[in-house]
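Thank you all for making the time this morning.

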Amino acid sequence: MAEFVHLVVVKFKEDVVVEDIIKGLEKLVSEVDSVKSFVWGKDIESMEMLRQGFTHALMMTFSSKDDFNAFQTHPNHLEYSATFSAAIEKIVLLDFPAVVVKPPTA
C-alpha cells in the first residue's frame, strides 16, 4: 500500500513567531504515532512571483490513508489546529497517496 502524504504550503501572518509554530508542530508529530515522518522548510530561492507569497512548506508522511485519518481526528491535532489556523494568512493543503519514482537511499 502506498504511503500517504499531507503537504501544507503556508504564509504566516506578519506578527507570528514562526519558530513557535514549528516547535508546536514538532511536539505534535512526536506525540502522534501515526505520523511516519515530518519535514519542513522555508523558501529561500523562489522568485516572489512564483511563490505567490507562500513562505513555508510542511510535509507529513503516513504509512496509509487510515493513519492519516487517525491523525486528523487525534485530540492533539484537533487542539493544535486552532493555534495553527490563527497563525496563517493563506494556505494550500494537498493530501495524496505517494507515487514513488525514485526511492530514498539509505
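Let me begin with the lining of the largest pocket, which by class is made up of 14 nonpolar, five polar and one charged residues. Please keep in mind throughout that this is a predicted model. The space in this largest pocket comes to about 280 Å³, and 20 residues line it, with His6, Val8, His77, Phe84 and Leu93 lying nearest its centre.

Which elements supply at least two residues each to that lining? They are E1, helix H1 (18-31), strand E3 (56-62), H3, helix H4 (75-87) and strand E4 (88-97). Of these, H4 gives the largest share of the lining, namely five residues.

As for the general idea behind such a search, rolling a probe the size of a water molecule over the atoms shows where empty space is left.

The second largest pocket has a volume of about 160 Å³, and its lining by class holds two nonpolar, two polar and five charged residues. The residues that line this second pocket are Lys11, Phe12, Lys13, Glu14, Val18, Glu19, Lys42, Thr55 and His56, and both E1 and H1 supply at least two residues of that lining.

Let me turn now to the aromatic rings. A pair of aromatic rings is described by the distance of the centres and the angle of the planes. How many aromatic pairs does a search of the whole structure find? The search finds four. In one of them, Phe4 and Phe68 have ring centres 5.1 Å apart and planes at 35 degrees, so this pair is tilted, given that planes under 30 degrees apart would count as stacked and those over 60 as edge-to-face. Because Phe4 lies in strand E1 (residues 4-12) and Phe68 in helix H3 (residues 65-73), the pair ties together parts that are 64 residues apart in sequence. Phe4 has a relative accessible area of 6% and is buried, and Phe68 likewise counts as buried, at 6% relative accessibility.

A further pair is formed by Phe62 and Phe71, whose ring centres are 5.4 Å apart and whose planes stand at 45 degrees, so that this pair is tilted as well. Phe62 counts as buried at 0% relative accessibility, and Phe71 is buried with a relative accessible area of 1%. Taken together, Phe4, Phe62, Phe68 and Phe71 are linked by ring pairs into a cluster.

There is also a contact between a charge and a ring to point out: the charged end of Lys90 sits over the ring of Phe54, at 4.7 Å from the ring centre.

Although Asn76 and Lys27 are 49 residues apart along the chain, their C-alpha atoms are separated by 9.7 Å. Ser81 is found in helix H4 too, and at 25% relative accessibility Ser81 counts as partly exposed. For Ser81 and Asp43, which are 38 residues apart along the chain, the C-alpha atoms are separated by 23 Å.

In strand E2 (residues 35-42) we find Val35, which counts as buried at 11% relative accessibility. Val35 and Glu79 are 44 residues apart in sequence, and their C-alpha atoms are 16 Å apart in space.

On the backbone, most residues other than glycine have a negative phi, and most peptide bonds are trans. Gln52 has its place in the loop between H2 and E3, and Gln52 is exposed, with a relative accessible area of 52%.

Finally, a word on confidence. The mean pLDDT of the protein is 93, and 99% of its residues reach 70 or more.

Notes. Residues are numbered from 1 along each chain as its sequence is written. This is a predicted model: local features need pLDDT of at least 70, side-chain atom pairs count only at pLDDT 80 or more; totals for chains, interfaces and linings use all residues. Side-chain values use heavy atoms; hydrogens and water are left out. Rings of Phe, Tyr and Trp (its six-membered ring) pair if their centres lie within 6.5 Å; planes under 30 degrees apart count as stacked, over 60 as edge-to-face and the rest as tilted. Helices (H or I, at least four residues) and strands (E, at least two) are DSSP runs, numbered from the N terminus. Buried means under 20% relative accessible area, exposed over 50%, partly exposed in between (1.4 Å probe, protein chains only). A charge sits over a ring if NZ of Lys or CZ of Arg is within 6 Å of the ring centre and within 35 degrees of the ring normal. pLDDT is the predictor's confidence in each residue, from 0 to 100. On a 1 Å grid over the protein atoms alone, a cavity is a set of points where a 1.4 Å probe fits but cannot get out, and a pocket is an open set with protein on both sides within 12 Å along at least five of seven lines; lining residues have an atom within 4 Å of a point. Grid points are joined across faces, edges and corners, and a volume is the space filled by probe spheres set on the points. Ala, Val, Leu, Ile, Met, Phe, Trp, Tyr, Cys and Pro count as nonpolar, Asp, Glu, Lys and Arg as charged, and the others, Gly among them, as polar.
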